[in-house]
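Please read each point alongside the sequence and the coordinates.

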Amino acid sequence: MGHELRAVNFEFRRVKSLSKKQSTTSNEQPASARRLQRGRRATSNGLYYSFNEYCRDRFGGRVERLAIDAGFSCPNRISRMEGGCVYCGPRGSRAPYVDFQQSVSEQLTKRISELKPRPAVKYAPYFQAYSNTCAPVSKLRRLYQEALSVSGTVMLIVGTRPDCLEQATLDLLAELNERVEVWLELGLQSAQDQTLKRIKRGHDFACFSRAVRAAHRRKLKVAAHVIIGLPGEGRREVMMTAESLAALPLDGIKIHSLHVVSGSALAADLLAGRIKLLGRDEYVRLTCDFLERLPVNMVVGRVTGEAPREILIAPQWCLDKMSVLKAIDEEFAKRGTRQGSKHRS
Ligand code: SF4
C-alpha cells in the first residue's frame, strides 16, 4: 500500500453531504448538497466530503478507525531487493501506536481502551501496515474475521497494493462485505507510469485500474492513496493524476505531500540535493486543484499527514497538520471553489 501516515485524529471536512438514505457510490451524484456550517472548528467549512461526514451519513455517527499491524510484509520490499518504494522507511506503513507483536484482537482491545469514551461509537478495524493481502487466503480469512469479532464493528478497511490482489482474496473481501462494509485502500501515488517507475512502485497505472474495477465489480468500496510533490512531477502531472482517478469507479481518496523519512531511499537524494520538496503553500494550492477535479461524492479520507517526528527529515511544515488544513480552507475560500468544482462528469 502507499506510504501510510498517522491515521489518528484527523480532522476531515466535506464538500457536499448525502442524506442518510442516499447511496454514495462513485457513479451517483448526491441529490441534495448542503454545506457544513456547524462551526465546530475554524477549519470546518464544508469544502470537501470527509470520511467523518461520510460515516455520519452512512452509519449515523462517528466511526473510529483502529489501525492494525497483523505482521504482513510487502511484495515490493521482499522481491525486488531494492527496499521497496523510494519513500518507504523501515517502519513501512505502521501507525506509531501499534504493537505488531500483539494479536489482532489484542491490538484492537488496547486501542479501544485508549480512546476517550464516547457513546455509541462504531469501529473500523484498519489493516494498515505494509500489504495486508500478502498471505494465503486461509490466513487472511482468520485475521479479518478476528478483527470483525470486535463488538461495534461496522466497517473493515484493508490497505494493500494493486498487484497483491488475487481473485480469491477479492472473493473473500466480497464475502465479508455482506457482513460489514469493506473498504479496500490501494496505494497508487501517481497515475504517471514514468513516475511510478522512478519511485519504484513496482506496478503501473493499468494494474491499479484493473484492481479498482475488479473490486468495484464485487461491490467493495475502493480508495486510492496519492502523494503530491513526487520527484519529476509538476502541476501538470498532478492534475493528470486527478483527472485519471476521477474517471475511475473510486469511492475515496487519501492525499498527502511527499515527505522524507530516515532510512528511505529518498533520504539520500534529499541530502545530496537531488530532489526538492514542496513548500506548504504550493502543496495547498495543488491539493485544492486536485480536489476541484474529483467528483463531489468521493470520500476524502485525508488531505495531509504527518510522519512520526523522530523519523521525519523534511518538510517540517507537515507536522503542523492544523495549519495545513486551515490553509486549504482559506485557499478554497479565496477561489470560491470546492471539491468537484472542476469535475467533468
Ligand atoms: S514498499 Fe511496500 S510498504 Fe513500503 S510504501 Fe511501497 S508498497 Fe507500501
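1. The axes of helix 8 (residues 235-246) and helix 10 approach to within 9 Å and cross at roughly 30 degrees. Here axes are lines fitted to C-alpha atoms, for helices over the stretch in contact, and angles run from 0 to 180 degrees between N-to-C directions. Helix 8 is therefore roughly parallel to helix 10; angles under 35 degrees count as roughly parallel, over 145 as roughly antiparallel, 65 to 115 as roughly perpendicular and the rest as oblique. The crossing of helix 8 past helix 10 is right-handed, a term used if the near helix is turned clockwise from the far one by less than a right angle, anticlockwise being left-handed. R235, V238, M239 and A242 of helix 8 meet L286, D289 and F290 of helix 10, where contact requires C-beta atoms, placed from the backbone, to lie within 7 Å. By class, this contact has five nonpolar, no polar and two charged residues. Ala, Val, Leu, Ile, Met, Phe, Trp, Tyr, Cys and Pro count as nonpolar, Asp, Glu, Lys and Arg as charged, and the others, Gly among them, as polar.

2. On the basis of the note: this is a predicted model, in which local features need pLDDT of at least 70 and side-chain atom pairs count only at pLDDT 80 or more, while totals for chains, interfaces and linings use all residues. Residues are numbered from 1 along each chain as its sequence is written.

3. The protein chain has 11 helices and nine strands; these are DSSP runs numbered from the N terminus, helices being H or I of at least four residues and strands E of at least two. Of its 345 residues, 48% are buried. A residue is buried if 20 or more other C-beta atoms lie within 10 Å of its own, exposed if 12 or fewer, and partly exposed in between, with C-beta atoms placed from the backbone. Among contacts between residues at least 6 apart in sequence, 84% join residues at least 24 apart.

4. Helix 10 (residues 280-292) also packs with helix 11 (residues 321-335), at an angle of about 55 degrees and with the axes 9 Å apart. Helix 10 is therefore oblique to helix 11, and the crossing is right-handed. Helix 10 contributes R280, V284, R285, T287 and C288 to the contact, and helix 11 contributes V324, A327, I328, E331, F332 and R335. These residues divide into six nonpolar, one polar and four charged.

5. Helix 4 (residues 137-148) packs with helix 5 (residues 167-176) at an angle of about 25 degrees, the axes being 10 Å apart. Helix 4 is thus roughly parallel to helix 5, and passes helix 5 in a right-handed crossing. V137, L140, R141, Y144 and L148 of helix 4 contact A168, T169, L172 and L176 of helix 5. The classes are seven nonpolar, one polar and one charged.

6. Which residues touch the most other members of the largest nonpolar core? In this core of 92 residues, they are I68, L156, L184, I228 and I253. A nonpolar core is a set of buried Ala, Val, Leu, Ile, Met, Phe, Trp, Tyr and Cys residues joined through C-beta atoms within 7 Å. Neighbours within four places in sequence aside, L184 contacts V158, L173, A215, L220 and V222.

7. Y130, although not a glycine, has a positive phi of about 60 degrees; Y130 sits in the loop between strand 2 (122-127) and helix 4 and counts as buried because it has 29 C-beta neighbours inside 10 Å. Q189, likewise not a glycine, has a positive phi of about 85 degrees; Q189 belongs to strand 4 (residues 181-189) and is buried, with 24 other C-beta atoms within 10 Å. A cis peptide bond, with omega about -5 degrees, joins A314 and P315. P315 is in the loop between strand 9 (312-314) and helix 11.

8. Helix 1 (residues 51-59) has F51, E53, Y54, C55 and D57 as its buried residues. Their cover includes strand 1 (63-68) and strand 8. G60, with a positive phi near 80 degrees, follows helix 1.

Note on methods:
Contact = placed C-beta atoms within 7 Å.
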